[in-house]
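Hi,

Here is the structure I promised to pass on. Have a look at it first, and my notes follow below.

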Amino acid sequence: MVKRNVTVYGLFGLAALLLLCAGGYALSALHTVLELRHGAVAASLWIAGGLLGASVLAFATALIVKGRRRPPRPAATAALAAAPLAAKLIGSRLSWRMAAAGGIVVLGAILGRQIVAGGERDDAES
């Protein structure tokens with residue numbers, strides 16, 4: 001399993017490196033075309049301006065994504081919902097059978113909320 005993951009991530013890294021090299025060659029070709037039409041200084045300025053624009057766009061996108069609210073975790077939500085019932089069971093002096101039944105109810109509430117939350121997330125992705 002680990003060897004497979006290392007192979008997969010190694011291939012992803014190689015693909016990213018090849019993509020960077022291809023981008024460099026494309027920028028070089030674009031610079032050559034612009035240099036033939038507008039001169040060397042203008043070609044360099046056009047390339048620099050394009051890279052600056054792309055970086056500003058990427059930075060703005062990162063700020064927008066960072067500012068979004070994260071969806072609540074279903075396990076934490078389920079635990080908060082089951083906490084009052086668990087506190088009542090722990091605080092009261094019940095027999096071990098009642099405590100076991102209460103534990104099963106709390107576990108069922110947690111698992112049920114996780115299943116429902118997972119099902120809604122799968123429907124939203126489709």
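A search of the whole structure turns up one aromatic pair (rings of Phe, Tyr and Trp, the last by its six-membered ring, pair if their centres lie within 6.5 Å; planes under 30 degrees apart are stacked, over 60 edge-to-face, and the rest tilted). The partners are tyrosine 9 and phenylalanine 12, and their pair is tilted, at 6.3 Å centre to centre with 55 degrees between the planes. They sit about one helical turn from each other because they are three residues apart in helix 1. As a rule, an α-helix has 3.6 residues a turn, so residues three or four places apart point the same way. Tyrosine 9 and phenylalanine 12 are both exposed (exposed means over 50% relative accessible area, buried under 20%, partly exposed in between, with a 1.4 Å probe and protein chains only).

Before going on, a word on the source: this is a predicted model, where local features need pLDDT of at least 70 and side-chain atom pairs count only at pLDDT 80 or more, while totals for chains, interfaces and linings use all residues. Residues are numbered from 1 along each chain as its sequence is written, and side-chain values use heavy atoms, leaving out hydrogens and water.

Now the overall picture. The protein has four helices and zero strands (DSSP runs numbered from the N terminus: H or I of at least four residues for helices, E of at least two for strands). Of its 126 residues, 6% count as buried. The accessible surface (Shrake-Rupley, 1.4 Å probe, with only the protein chains shown counting as cover for residues) is about 10700 Å², and 71% of that belongs to carbon and sulfur atoms.

Helix 1 takes in residues 2-38, 37 residues in total, and spans 53 Å from first C-alpha to last, close to the expected 54 Å (1.5 Å times one less than the number of residues).

How far apart are serine 28 and isoleucine 47 in space, C-alpha to C-alpha? The distance is 9.3 Å, and in sequence serine 28 and isoleucine 47 are 19 residues apart.

Cheers
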